[in-house]
Number of protein chains: 2
Amino acid sequence: MKHIRTAIVLLLLYSSGLCSLRADEGMWLFNDLPLVQLKERYGFEPTAAWAEHLMKSSVRFNVGGSASFISSSGLVLTNHHVGSDTLYKLSTPERNIMEQGFLAKTQDQELKAPDLELNQLISIQEVTDTVKAAVKADMSPEQAVSARRAVIAKIEKDSLDRSGLKSTVTTLYGGGRYHLYQYKKYTDVRLVWAPETAIAFFGGDADNFEYPRFCLDACIFRVYEDNKPAKIEHFLKWSESGPTENDVVFVSGNPGRTSRILTMDALKFQRDQSLPYIMNNLRRQEILLQQYSLRSNENARRAREDLFGVQNSRKARLGMLGGLQDPGVLAEKSNAEAALLKAIEADPKLKPLASAWDTISETTQKRSELLGKGISVQSTLFHIALDLVQMAEEDQKPSGERLPEYSEAGRESLLQQLYSEAPIYPDLDQVILADSIAKTLEYRGFDDPICQQILAGKNPADRAAELIQGTKLQDVASRKQIAAGGMKAIEDTQDPMIALARIVNPEIRRLRAINDQLDELDRQAYAKIAEAKFAVEGTSTYPDATFTLRLAFGRVSGYEQDGQQIPAWTKIGGTFEHEKKHEGQSDYVLPASWKKAEPSLMASTPFNFVCTADIIGGNSGSPVVNRAGELVGLIFDGNVQSLSGNYIYTDKQARSVSVHSSAIREALQVVYGADHIVKELGK
Amino acid sequence: MKHIRTAIVLLLLYSSGLCSLRADEGMWLFNDLPLVQLKERYGFEPTAAWAEHLMKSSVRFNVGGSASFISSSGLVLTNHHVGSDTLYKLSTPERNIMEQGFLAKTQDQELKAPDLELNQLISIQEVTDTVKAAVKADMSPEQAVSARRAVIAKIEKDSLDRSGLKSTVTTLYGGGRYHLYQYKKYTDVRLVWAPETAIAFFGGDADNFEYPRFCLDACIFRVYEDNKPAKIEHFLKWSESGPTENDVVFVSGNPGRTSRILTMDALKFQRDQSLPYIMNNLRRQEILLQQYSLRSNENARRAREDLFGVQNSRKARLGMLGGLQDPGVLAEKSNAEAALLKAIEADPKLKPLASAWDTISETTQKRSELLGKGISVQSTLFHIALDLVQMAEEDQKPSGERLPEYSEAGRESLLQQLYSEAPIYPDLDQVILADSIAKTLEYRGFDDPICQQILAGKNPADRAAELIQGTKLQDVASRKQIAAGGMKAIEDTQDPMIALARIVNPEIRRLRAINDQLDELDRQAYAKIAEAKFAVEGTSTYPDATFTLRLAFGRVSGYEQDGQQIPAWTKIGGTFEHEKKHEGQSDYVLPASWKKAEPSLMASTPFNFVCTADIIGGNSGSPVVNRAGELVGLIFDGNVQSLSGNYIYTDKQARSVSVHSSAIREALQVVYGADHIVKELGK
């Protein structure tokens with residue numbers, strides 16, 4: 001009887017649609033592609049070579065973002081807003097590349113990024129058994145953290161030594177699987193072309209996460225090796241015509257983080273506490289940066305990149321919170337969880353796994369108690385100081401016992417950031433530091449002993465001024481000197497920022513250790529939940545996003561909103577109408593180059609388009625390809641309805657938004673006179 | 001021995017300056033003026049007639065703000081940002097008075113404000129004994145609230161019946177004194193002149209609370225009686241030359257609220273909890289209104305008044321918090337409290353008063369527990385609904401038992417607001433309502449039963465849309481109809497906004513009752529503290545601000561900041577330099593009228609000036625007068641250093657900022673061609 005009853009439960013689950021994947025749902029692993037779904041829905045059967053080519057044509061921006069190789073000579077296509085970290089760092093008051101754009105007319109004009117690292121995924125290996133074997137069931141959370149950290153550090157170090165490739169172990173299914181990823185690293189990356197912010201981010205914060213859109217959110221870099229353009233084997237061909245409506249397209253990129261496996265308790269914590277807390281912090285930073293920017297145009301230029309990042313996060317998180325505050329979404333998650341638990345209860349082999357929910361309920365409670373009790377001190381120079389202090393401490397231990405970011409396998413990437421010559425603006429850093437000290441006082445209470453130590457008898461503004469004006473860490477040579485001197489240099493230096501880092505470091509470490517243990521308990525619990533889901537729902541599923549390469553697929557398709565049908569495409573001609581409609585609003589003023597080019601531009605060229613592929617932040621810059629593997633678009637956004645995708649995928653209105661490949665080509669040619677780049681596209 | 005020891009303690013107190021008033025400190029009651037200080041510091045001895053004339057020339061804007069009569073025919077001078085509530089309500093998409101300004105060339109062009117009420121203080125009477133006698137020592141907090149409410153309602157009603165004047169009992173010294181204020185009320189108020197926002201608020205949010213400034217933050221109304229300009233007996237003469245540097249000036253206005261009497265426990269609550277909480281809410285509203293405004297210029301116009309209010313509050317509160325986060329300020333407050341407690345301990349008669357500090361410690365703890373647990377639902381239409389529901393309920397009780405805002409004495413002012421024909425923009429109201437529902441969910445937890453009732457199965461955005469689209473309360477006739485029907489109409493109506501108000505009303509009332517009792521306990525405690533302070537420090541002091549008329553005084557004087565001497569004056573010519581310095585920043589673009597008038601304007605005319613008078617929010621629009629009682633300036637701001645004045649007065653850098661009387665006259669004549677107004681000034 002038991003088997004039959006289980007079967008009925010499964011049938012019920014599937015018929016109510018609670019566990020079956022929706023239509024185009026999924027951020028799939030390249031070593032576990034949705035072959036069945038693709039064949040069933042689109043009659044498409046990708047070959048191994050098709051998949052490998054797409055994987056190796058894909059590029060990860062280490063700062064957060066995706067991209068692709070688009071020529072044999074190392075051209076890399078990504079979003080303006082992904083490249084903007086570098087555009088910002090390359091800009092000066094005299095030459096504002098971020099706002100005004102850039103075009104290298106010849107290769108020797110290409111501008112070297114100060115600290116950009118690009119990663120190309122080369123291989124994926126299953127290491128679940130090795131990792132799980134190292135963590136014994138009877139270990140305390142503290143021991144488990146150490147054991148897991150040690151085995152992962154060893155796998156990564158062995159892989160690095162063996163292959164010379166950047167090697168990272170990725171935790172999948174919240175702890176259900178572990179894969180070793182090997183990446184080829186490019187650290188000589190140069191800017192080739194970027195349009196003006198006014199067209200890359202046309203419509204500004206108002207249009208962000210909205211659709212229809214009219215944005216050329218694109219820019220092009222080139223990777224170099226040995227001071228010459230790198231020879232690239234796998235790169236995407238440029239589609240002649242772009243995507244076809246209703247046909248399948250594929251997105252290959254690095255979605256940053258989703259939370260679809262979360263239990264209801266964990267979701268409620270997100271909804272009622274964590275997200276509201278984060279939103280308060282984001283709004284605080286936004287106002288702070290706005291206030292700083294209002295003082296002068298140069299201030300606005302300095303704060304622009306941080307401000308955009310904060311505004312983007314704020315709007316994205318508001319959408320996520322909106323999803324969790326929707327009784328419909330919640331009910332669906334709650335029903336699915338109840339059904340899964342019911343299935344577990346009905347199967348004696350699965351029943352022990354139910355304890356995972358209790359564990360997460362407990363870790364969630366702990367997280368709630370810790371929320372906002374941390375040390376919120378922030379500033380670029382402070383973080384450099386803290387890195388130097390922690391690196392000196394960690395380097396006294398064997399690699400396997402260190403905090404992961406200081407392990408041997410990751411050292412090169414760490415130093416690329418730590419010794420970056422990118423500009424730091426002390427006045428901006430001081431404003432951020434002062435406010436973050438004030439925030440720490442507010443959250444921990446002014447009378448907290450660490451707060452008193454941080455203040456050292458001054459108010460936050462005066463203390464921040466003293467620290468920023470006193471530190472030498474703005475100078476990269478001075479960072480290198482302290483790093484070279486190890487713990488002794490840290491102890492001996494008179495640098496006040498290092499002194500501040502030393503004051504707060506023990507508390508930061510204490511809280512980090514607690515958090516690491518909670519993460520470990522969560523990992524063990526979610527491993528059980530993943531096991532239960534595999535048993536009940538089958539293994540043909542995908543893990544939550546982890547900022548590693550995934551394949552999504554979907555149809556190019558419009559949608560209905562407020563009773564109106566929104567077409568899948570916008571056209572270049574519509575851009576000028578959109579400007580007119582918003583006359584007098586500063587975020588809707590097209591750059592001079594576009595106004596000049598208007599008569600020559602083909603108005604009917606598709607500009608932006610939407611599809612149902614399942615994406616999230618981190619996918620920005622992902623190539624969109626057709627069945628032939630040709631580049632047809634460039635992901636740059638999701639609409640507002642897609643934001644609850646952090647918790648649940650829907651394709652009713654949720655859409656990812658791309659720049660059409662033809663628009664990029666048209667603009668390069670007609671607006672920017674970059675025929676030399678156009679000739680290279682896909683060649 | 002005891003007497004001698006007390007004397008020593010007092011000496012110590014005075015010599016350390018802990019209780020003696022600083023230089024120009026004080027927001028003085030008109031029935032208890034600082035005659036000694038004025039004589040000692042400035043050799044000035046105001047006559048009773050001088051004081052009465054200034055008092056009766058002063059005007060209170062009921063919406064929050066100060067003003068003065070400046071002609072015998074009812075001209076009233078205030079700030080643009082005080083009048084802006086009316087400027088906003090009089091504006092339409094076609095005629096944006098707020099942004100573009102207004103000038104009535106003849107009296108029949110003067111524009112009637114939809115709901116403005118101005119108050120002129122006529123008399124102040126001591127009623128402390130009557131109020132205190134009604135509240136017995138053995139009453140529970142609940143009984144005490146009722147008893148105090150009843151006696152106050154009775155005093156107010158008797159005064160209204162006797163005099164026909166608007167009558168309110170004001171609690172002073174946190175509960176140490178009660179005074180009855182009688183006001184003549186003006187409800188037919190018409191707009192005569194307002195400049196453009198671009199010059200009234202030149203420099204925008206960036207320059208707000210900063211100095212040097214270049215703002216014509218002024219506008220002029222006229223009060224009418226029987227449809228004719230009112231005949232005004234007491235009005236200010238217009239000074240020919242303005243103030244003299246270092247001489248004394250006087251500010252007569254209605255400071256809204258200070259917190260100088262607060263105990264250290266109450267201050268710490270402000271610092272670590274209440275102000276950070278309020279700041280989070282303000283930033284939230286600011287971002288929300290910004291986001292709404294970004295969508296179109298018309299949206300920006302609609303949200304402008306709210307947005308300005310929120311930004312102003314945010315910046316003011318940040319300054320207050322900055323004061324409390326300054327160890328120096330805190331130490332001063334703490335030392336003063338310790339000294340006062342020591343003096344109390346040393347005197348057996350005073351010793352029982354020390355229990356007040358424990359009471360406040362307890363009420364503060366309660367307030368901390370309640371923080372953010374309220375119902376945060378907001379929107380103009382929702383508040384109208386709640387007023388209708390509560391008014392119907394309260395009207396079933398005798399006046400003395402009602403919530404004070406529904407008492408008979410205040411009914412006329414209440415209805416002036418409730419039945420206002422001022423525009424309500426449903427789209428803006430909906431955005432505010434949706435966000436405030438979301439906020440309520442976040443603070444109380446989504447699963448809270450009242451939250452579930454508020455949502456009624458929808459998400460906040462959909463629910464807000466349903467409520468706004470379903471309510472008829474936008475129509476004033478519909479409000480009147482429901483109000484006329486009393487409780488039965490409230491129960492019978494199908495209006496969804498009334499239904500929502502009824503859902504949340506019991507919880508709002510429950511929390512209000514708790515809060516009223518905490519206020520009552522605080523009043524009793526602060527009455528004791530005031531008594532102790534009178535005994536130890538003498539009675540020659542002033543109570544915290546209560547949005548009632550006060551006299552402040554001070555010197556016109558510059559100050560030093562970051563090693564630079566900031567002069568007391570700016571000049572009209574500097575305005576154009578200030579614009580140039582901030583070229584390309586939208587808040588620094590002078591209006592066309594000023595650019596056109598530049599050659600004709602006298603560049604050396606003083607524009608704004610600072611003085612050491614002790615002011616706070618609510619003083620905006622206050623007249624500044626010289627010894628002769630002539631108008632020499634118009635308060636419109638305090639500098640950033642003045643903001644900790646909420647807790648402690650200093651004159652080191654803290655300054656109040658005024659528009660110079662000559663600048664107003666010069667601009668009226670040269671920029672606005674308003675000779676007919678200039679001729680009337682002070683006449």
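**Briefing: chains A and B of a predicted model**

Chain A exposes about 26,900 Å², and carbon and sulfur atoms supply 52% of that area. Accessible areas come from the Shrake-Rupley method with a 1.4 Å probe, and for residues only the protein chains shown count as cover. The model is predicted: local features need pLDDT of at least 70, side-chain atom pairs count only at pLDDT 80 or more, and totals for chains, interfaces and linings use all residues. Side-chain values use heavy atoms, with hydrogens and water left out, residues are numbered from 1 along each chain as its sequence is written, and chains are lettered from A.

**Chain A overall**

- Chain A has 25 helices and 21 strands. These are DSSP runs, numbered from the N terminus: helices are H or I with at least four residues, strands are E with at least two.
- The radius of gyration of chain A is 25 Å, close to the 26 Å from the globule rule for 683 residues, so chain A is as compact as a globular protein of that length. The radius is taken over C-alpha atoms, and the rule is 2.2 Å times the number of residues to the power 0.38.
- Along the principal axes, the C-alpha atoms of chain A fill a box of roughly 75 × 70 × 50 Å.
- Of the 683 residues of chain A, 60% are buried. Buried means under 20% relative accessible area, exposed over 50%, and partly exposed in between (1.4 Å probe, protein chains only).
- Take contacts in chain A (heavy atoms within 4.5 Å) between residues at least 6 apart in sequence: 79% join residues at least 24 apart.
- Chain A carries 79 positive and 89 negative side chains, and the centres of the two sets lie 2 Å apart. Lys and Arg count as positive, Asp and Glu as negative; His and the chain ends are not counted. Each charge is placed at NZ of Lys, CZ of Arg, CG of Asp or CD of Glu.

**The eight-stranded sheet of chain A**

- An open sheet of eight strands in chain A runs in the order β1-β14-β13-β19-β20-β21-β18-β17, with antiparallel pairing. Two strands pair if DSSP finds at least two bridges between them.
- Its edge strands are β1 (28–29) and β17 (569–571) of chain A, each pairing on one side only.
- Within chain A, β20 (residues 631–638) and β21 (residues 656–660) pair antiparallel over five bridges. A:L634 stands opposite A:V659 there.

**Strand β2 of chain B**

- In β2 (residues 58–61) of chain B, B:S58 and B:R60 point one way and B:V59 and B:F61 the other; all are buried.
- Three bridges join β2(B) to the antiparallel strand β3 (residues 66–69) of chain B. B:R60 stands opposite B:S66.
- β2(B) and β3(B) form a hairpin with four residues between them, and B:G64 in the turn has a positive phi of about 115°.
- β2(B) also pairs antiparallel with β7 (residues 118–126) of chain B, over two bridges. B:L118 is the bridge partner of B:F61.

**Strand β18 of chain B**

- Five of the six residues of β18 (residues 606–611) of chain B are buried.
- β17 (residues 569–571) of chain B pairs antiparallel with β18(B) over two bridges, and B:K571 stands opposite B:P606.
- Four bridges join β18(B) to the antiparallel strand β21 (residues 656–660) of chain B. There, B:V659 is the bridge partner of B:N608.

**B:E286**

- B:E286 lies in helix α10 (residues 264–294) of chain B. This glutamate is buried, with a relative accessible area of 0%.
- Not counting residues up to four places away in sequence, B:E286 touches A:I287, A:Q290, B:D205, B:L307, B:V310, B:Q311 and B:R314.
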